[in-house]
Amino acid sequence: RESGTVRPTLEINGLGGGYTGSGMKTVIPARAMANISCRLVPNQEPVKVGKLVADFLQEIKPEGVQVKITINPGMGRAVRTTPESKVVQAAGQAFEEVINKPCGYSLGGGSIPIVSELAEISGGDVVIMGYGLNLDNVHAPNEHFGLDRLKMGFVTIARALELLAE
């Protein structure tokens with residue numbers, strides 16, 4: 001089984017084109033579009049990866065097809081924090097004290113561009129910690145998050161800071 005969270009990816013986030021109304025139409029669309037994104041890993045540069053993907057798509061397009069590629073801003077570099085770092089250990093201990101359950105550690109991927117900037121500017125490790133549940137439907141139209149868990153998150157951060165100050 002391959003990990004879907006820590007390896008580089010190229011993802012199709014949306015497709016559009018052709019007839020989208022009710023009923024059937026046998027037409028060849030004059031235009032189509034796709035939104036794609038890439039999850040990067042350490043030592044991959046977002047601008048370079050974006051250019052490589054754009055160049056590849058131009059290279060493989062069928063004859064007679066025009067491809068227009070727009071690389072959107074907001075790209076972030078990958079960050080990896082070690083579970084043994086002082087800040088990760090403090091956050092884990094704080095989590096266990098607040099929740100009264102063992103802290104689970106996972107190496108995961110996501111797109112939060114400011115995280116790499118915070119790590120670079122601070123020269124330290126970063127911790128991404130969540131209290132979200134599968135039932136929260138993250139990124140879905142009915143996404144939600146309980147205020148009780150928001151409070152637990154703040155208490156955990158406060159306790160982690162206390163532990164780091166000791």
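## A nonpolar surface patch

In this predicted model, the residues L10, I12, L15, I36, V47, F56, L57, I60, I69, I71 and M75 together form a nonpolar patch on the surface, with about 1,000 Å² of accessible area. A patch consists of residues with over 30% relative accessible area and no salt bridge, nonpolar side chains (Val, Leu, Ile, Met, Phe, Trp, Tyr) being joined within 5 Å and like charges within 9 Å. Accessible areas come from the Shrake-Rupley method with a 1.4 Å probe, and for residues only the protein chains shown count as cover. A salt bridge is a side-chain nitrogen of Lys or Arg within 4 Å of a carboxyl oxygen of Asp or Glu.

Two or more residues of the patch come from each of strand 1 (9-17) and helix 1 (46-60). Helix 1 gives the largest share, four residues. Helices (H or I, at least four residues) and strands (E, at least two) are DSSP runs, numbered from the N terminus.

## An exposed and a buried residue

I12 lies in strand 1 and is exposed, with a relative accessible area of 57%. S116, in helix 3 (residues 113-122), is buried at 6% relative accessibility. Buried means under 20%, exposed over 50%, and partly exposed in between (1.4 Å probe, protein chains only).

## The chain as a whole

The chain has four helices and two strands. Buried residues make up 18% of its 166 residues.

## Basis of the values

Residues are numbered from 1 along each chain as its sequence is written, and side-chain values use heavy atoms, without hydrogens and water. Local features need pLDDT of at least 70 and side-chain atom pairs count only at pLDDT 80 or more, whereas totals for chains, interfaces and linings use all residues.
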